Amino acid sequence: MVSGGRLKKKVSSISRSPRRPVRELQRFETVLAGALSAIARVSAHEIDREIELWLGEICLTLDLDRSVLALLNRGVTHRWSREGIPTVPYGTTGMSVSPWTTRKVLAGEELVWSSISDLPNEARDYKQWVRKHGPKAQVALPLRVGNSIVGGITFGKFRSGRKWPSLVIRRLRLVAQVFAAALERKRIETELLSVRSELADASRSTMMGELAASIAHEVNQPLGAILSNAQAARRLLAAPASGVDKANDALNDIVEDAKRAGEVVTRVRALFKGDRTARLPIDPAGLLAEAESLLRSEAAIRMISLRVDAAPSLPPVLGDRVQLLQCVMNLAINAFDSIVSADSSLRETMLKANQQDSKWVRISVTDTGGGIDPAIADRMFDPFVSSKSDGMGMGLLIARSIVTSHGGRISAASNSAGGATVSFTLPVCPANAPTAP
Amino acid sequence: MKPTIHVVDDDASTRRALSRLIPALGFDVDTFESAQAFFDYAKIDSDDCLLVDIHMPGMNGIEMCRKLEESGRKLPTILMTAHKDAGTKMLAASIHPVATLYKPFDESALLNAISTALQSTS
């Protein structure tokens, strides 16, 4: 999102002509218009980057050397400084640099000074600091959201003093307003995203919970009848004269109910395994593209960049499309969970497909999350083993069961650069394989 | 005359099992496959009691008990269910049953519940 205004930073501005302040103001208005419309347009996760870019842009246009934006409770969050001018570390609090300025700004005051002699005596500590490493002229403005002050922003010149025309101050005030509003928008949207992602988590665990409850119901029903029949039979057999036939009926029902309970288990197993009849040629690249489209919104909600990298002209594999999709998605959701719980600064998940050899295609899911916990590394595909506090440990179990029922193998490893890769192989469709009979 | 336990459950195997077990425990039994069948055919005495499954298609066990109470023929009620979750427990508690039995339940639990129910009628 480079606008005309931003490109103008390449133009030198060291002209000493008396017309310079006027030209500077004109350019500033152009830059400002670009900044305001860009900030209003960008999506929430781009706001931070955009604010820093425009801090630089504004400083260059006004021939300033440093701008720092700090939020209450978070310290410095955005900054720009000219080459050779010391930067302020992120997180630095205003109080630790200049309690006097900070108190004034948080009380809603605007501080504008053009040379150190403008500073009042009460600012003695601050003057000392300014003499040692500080600016020679500075503007400090409060950031307001509604009636409350959420932080402050400074614009400083270090190489020399400078005058601050009232028009410039008015415009910088506008910048402060727009940035404060954008940061508030970001805070609200981030909060919304986390609520939505909590909801998605909840609905996923509800799904597993419902599955578990319906299995329990399906099994408890025949078990209840079995127990009642068995106890009835025991009583009936205690009175052999009248009870043997009835006891026999009860035993027959017990046999049927035992079968019924067994069928529930078979059905659950079939749910995770599937039968072998639905095997069709599948394009691995198409499979990953489909998975990507299904996962896109979940990735966006969790602010994860999801990418697909399929080698060109891969041969089709033989498999059940729905099951393989479920497998890839389980692995991707695990990857997302790992990135979110590790709170990684790099948030990427990559779905990859390439040909391992003439018989096998390899599909892998790579993340930038916390990697594999060595304590569960050799058990991670087992049921009810999970590194997540709320995990059922079913995702990898189902993935493995799908892969092995396709004749492939699944494995997982931590990446040397951090995160984990889970990859599995699928057989190349025989008709297309060069080694096919 | 022995009191009758009216069993209402959509699961056929459960109905057959209870129609063997309950007489073996010393009571008469009558079984119905739905709430509707119970309202259509049941012959109720004031010293009888109900053994009703909560989750049934059509009218569920809770609605059936409410409807019976509204018509002025309240009987001591034992609920049974194969669901053991918080929602079912709350639903069950709303009609103040004598007991709620979770399938599979033991004959001693059933016998205790029936005894309590019948005591409350006399």
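The model is predicted, so to speak of local features a pLDDT of at least 70 is needed and side-chain atom pairs count only at pLDDT 80 or more, while totals for chains, interfaces and linings use all residues. Residues are numbered from 1 along each chain as its sequence is written, chains are lettered from A and ligands numbered from 1 in the order in which they are written, and side-chain values use heavy atoms, with hydrogens and water left out.

**Stop 1: the sheet of chain A**

Show chain A as a cartoon and find the open sheet of five strands, ordered β2-β1-β5-β4-β3 with antiparallel pairing. Helices (H or I, at least four residues) and strands (E, at least two) are DSSP runs, numbered from the N terminus, and two strands pair if DSSP finds at least two bridges between them. Select 75–81 for β2 and 111–113 for β3: these strands stand at the edges with a single partner strand each, so one side of each has no neighbour in the sheet. On average, neighbouring strands here are turned by 15° against each other, direction ignored.

A:L111 sits opposite A:A140 of β4(A).

Now bring in two helices. Helix α3 (residues 47–61) of chain A packs on the sheet and touches β1, β2 and β5 of chain A, with its direction at about 45° to that of β2(A). Helix α5 (residues 99–106) of chain A lies across β3, β4 and β5, running at about 130° to β5(A). Contact means heavy atoms within 4.5 Å; axes are lines fitted to C-alpha atoms, for helices over the stretch in contact, and angles run from 0 to 180 degrees between N-to-C directions.

**Stop 2: two loop residues**

Select A:M303, in the loop between α9 (284–301) and β7 (305–310) of chain A. Its phi is near 55°, a positive value in a residue other than glycine. A:M303 counts as partly exposed, at 36% relative accessibility. Buried means under 20% relative accessible area, exposed over 50%, and partly exposed in between (1.4 Å probe, protein chains only).

Move on to A:S313, in the loop between β7 and β8 (317–319) of chain A. A:S313 is not a glycine either, yet has a positive phi of about 45°; it is exposed, with a relative accessible area of 74%.

**Stop 3: where the chains meet**

Display both chains and select the contact, made by 20 residues from chain A and 17 residues from chain B. Together they bury about 1700 Å², 50% of it on carbon and sulfur atoms; buried area is the accessible area (1.4 Å probe) that two parts lose on being put together, summed over both. Highlight A:Q221, A:Q231 and A:R235, which supply 30% of the area that chain A buries against chain B, more than any other three residues.

Five salt bridges cross this interface, a salt bridge being a side-chain nitrogen of Lys or Arg within 4 Å of a carboxyl oxygen of Asp or Glu. For one of them, zoom in on A:D253 and B:R16 (2.7 Å, N to O).

**Stop 4: inside chain B**

Select β4 of chain B (residues 77–81): five of its five residues are buried, so the strand is largely enclosed by the rest of the structure. Strand β3 (residues 49–53) of chain B pairs with β4(B) in the parallel sense over four bridges, and B:L51 has B:I78 as its bridge partner.

Finish at B:P104, in the loop between β5 (99–102) and α5 (107–121) of chain B. The peptide bond from B:K103 to B:P104 is cis, with omega near -5°.
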